[in-house]
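Keep the structure open while reading.

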Amino acid sequence: MNVAVLGAGTMGHGIAQVSAMADHDVTIRDVERALVDDGIAAIEENLRGGVERDKVTDDEMRAALDRVSGTTDLAEAVSDADLVVEAVPEDVDLKKQIFEDVEAEAPADAVIASNTSSLPVTEIVSALDDPGRGIGLHFFNPVHIMQLVEVVVGEQTDDETVAFATDFVEEIGKTAIEVRDTAGFASSRLGVALGVEAMRMVEEGVASPRDIDQSMELGYNHPMGPVELGDVVGLDVRLDILEHLREELGERFRPPQILRRKVRAGNLGKKTGEGFYVWEDGEIVGTSDDWGDEE
């Protein structure tokens, strides 16, 4: 199968990696060559890490890398694609424009999927002349490790597209759950609800970010606490999702002021070096000034 991935960032190159590891030929497309090259380099780095941990053989790594190519030309990326997955920023108008542009260049029978984590798939696929071929494929970060993929079915999505998307998820070694296109789907709605309450608890001084996280890690066996997870996902992303869910589902998803302040200050979490925690080289080295350093 030929898979085109639009967007070479964290999610895009992750989707490309797992697709290539499943023997699919993959083309990554982004708007600048440097972004494409960075995405392919990230795939190689991930795979080399897998080799070092004996999760991937050297031959498997090299074969996967041989199946990945990159371009800045949309038509070149999608002209022979059986599946196109967009992984561009969470902007519904941008995604609709991408879908429209892809439909003009891709084969008539190609499935076109959005990796959105919360935006309405029904609205995104409405940009297509044939919206039945559009669907949501919500991967989780890091893609090469996380098992779940939400197959988000829009109002117009046809049964053949759902079956194709579900088969693809299983072929790449992931577990598919089928969800109806509602605000936040299943995972984002539940995950954000827990995360926003954890942020409110920090804001109210109930406990420190680390103690709140440990309450869920040790008490409920979560692999990562909700405050840390927000930092990893990106506090700007969390804010955007909350604003969308508030509009769709009501005031229980109102973003707390502590989140708004951090985003306004540019403290977006792991990717900027500070959010609720302080990060260095991808590791937590302390908490924000409100709570002082971790022991």
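## Met11 and its contacts

Beyond its neighbours within four places in sequence, Met11 is in contact with Ala87, Asn115, Phe139, Phe140, Asn141 and Val143. The model is predicted. Met11 sits in helix α1, residues 10–21. Its relative accessibility is 19%, so Met11 counts as buried; the cut-off for buried is under 20%.

## The annotated binding site

An unreviewed UniProt entry lists Met11 under "binding site".

## Lys271

Lys271 lies in the loop between α12 (257–264) and β9 (277–280). Lys271 counts as exposed, at 53% relative accessibility. Not counting residues up to four places away in sequence, Lys271 touches Gly234, Asp236 and Val237. With Asp236 there is a polar contact, side chain to side chain, at 2.9 Å.

## Helix α9

Helix α9 covers residues 209–219. Its buried residues are Pro209, Arg210, Ile212, Asp213, Met216 and Glu217. Viewed down the axis of α9, these fall within an arc of 165 degrees, so they line one face of the helix. An α-helix has 3.6 residues a turn, so residues three or four places apart point the same way.

The buried residues of α9 pack against α8 (187–203), α10 (226–233), β9 and β10 (283–287). On the other side of α9, Leu218 and Gly219 are exposed. Asn221 follows α9, with a positive phi near 65 degrees.

Notes. Residues numbered from 1 in each chain as written. Predicted model: local features only at pLDDT ≥ 70, side-chain atom pairs only at ≥ 80, totals over all residues. Heavy atoms only, no water. UniProt positions renumbered as here; feature names shortened; annotations may be inferred. Helix = DSSP H or I, 4+ residues; strand = E, 2+ residues; numbered from the N terminus. Buried < 20%, exposed > 50% of the residue type's maximum accessible area, 1.4 Å probe, protein only. Contact = heavy atoms within 4.5 Å. Polar contact = N/O pair within 3.5 Å; in protein donor to acceptor, adjacent residues only side chain to side chain. Arc of directions from axis to C-beta.
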